[in-house]
Amino acid sequence: MIEIDFDDGATFCLPAEILRVESPSAEVQGHGPGQKNLVVGRQHVGILSVETVGHYALKIKFDDLHDSGIFPWDYLYHLGQNLDRIRQEYLDALAANGLSRDPRDQ
């Protein structure tokens, strides 16, 4: 989990799993609208490192070695504000496709 405090006083705790499955990388988001890939089996994914990218983003390296997503601050804020809805949409998409968060099911 990453805890982020914003200048407006908002504080968000973002779980590694949600950060991984919502990564802004092309691997997850695709290369255009409607191309998002459903990432499965990341229930227990961890974070190996976090580094700043200039003044505008974070680069997160996950323990599944995914590290190509650059997370702009406004995207992290969006994830924090909408965490419950985003999490539920992810769980619903997994269920609709007969897939699981658990890596042992893959």
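The exercises below, each with a worked solution, explore a predicted model.

**Exercise 1.** Determine where Ser-23 lies, whether Ser-23 is buried or exposed, and which residues Ser-23 touches beyond four places away in sequence.

*Solution.* Begin with the chain: Ser-23 sits in the loop that runs between helix H1 (16–21) and helix H2 (26–29). Next, take the accessibility: the relative accessible area of Ser-23 is 0%, and since buried means under 20%, Ser-23 is buried. Finally, list the contacts: leaving aside residues up to four places away in sequence, Ser-23 touches Val-28, Gln-29, His-66, Gly-69 and Phe-71.

**Exercise 2.** Work out how the buried residues of helix H3 are arranged around its axis, and which exposed residues the face turned away from them carries.

*Solution.* First identify the buried residues of helix H3 (residues 73–81), which are Tyr-75, Leu-76, Leu-79 and Gly-80. Then look down the axis of H3: these buried residues fall within an arc of 140 degrees, so they line one face of the helix. The face turned away from that buried side carries the exposed residues Asp-74 and Gln-81.

**Exercise 3.** Describe the aromatic pair formed by Phe-12 and Tyr-77, and explain which parts of the chain this pair ties together.

*Solution.* The structure holds five aromatic pairs. In the pair of Phe-12 and Tyr-77, the ring centres are 5.2 Å apart and the planes stand at 90 degrees, an edge-to-face arrangement. Phe-12 belongs to strand S2 (residues 11–14) and Tyr-77 to helix H3, so the pair ties together parts that are 65 residues apart in sequence. As for accessibility, Phe-12 counts as buried at 13%, whereas Tyr-77 is partly exposed at 21%. Another aromatic pair, that of Phe-71 and Tyr-75, is tilted, with 6.3 Å from centre to centre and 35 degrees between the planes. To widen the view, ring pairs link Phe-6, Phe-12, Trp-73 and Tyr-77 into a cluster.

**Exercise 4.** Find which parts of the chain are linked by the salt bridge of Arg-101 and Glu-17, and then by that of Arg-42 and Asp-64.

*Solution.* The side chains of Arg-101 and Glu-17 meet at 2.7 Å, N to O. This pair links distant parts of the chain, with Arg-101 in the segment after helix H4 (83–96) and Glu-17 in helix H1, 84 residues apart. Arg-101 is partly exposed at 28% relative accessibility, while Glu-17 is buried at 9%. Turning to the second pair, Arg-42 and Asp-64 also form a salt bridge, at 2.7 Å from N to O. Arg-42 lies in the loop between H2 and strand S3 (47–53) and Asp-64 in the loop between strand S4 (57–62) and strand S5 (70–72), so their bridge ties together parts that are 22 residues apart in sequence.

Terms used:
Residues are numbered from 1 along each chain as its sequence is written. This is a predicted model: local features need pLDDT of at least 70, side-chain atom pairs count only at pLDDT 80 or more; totals for chains, interfaces and linings use all residues. Side-chain values use heavy atoms; hydrogens and water are left out. Helices (H or I, at least four residues) and strands (E, at least two) are DSSP runs, numbered from the N terminus. Buried means under 20% relative accessible area, exposed over 50%, partly exposed in between (1.4 Å probe, protein chains only). Contact means heavy atoms within 4.5 Å. The arc is that of the directions from the helix axis to the C-beta atoms. Rings of Phe, Tyr and Trp (its six-membered ring) pair if their centres lie within 6.5 Å; planes under 30 degrees apart count as stacked, over 60 as edge-to-face and the rest as tilted. A salt bridge is a side-chain nitrogen of Lys or Arg within 4 Å of a carboxyl oxygen of Asp or Glu.
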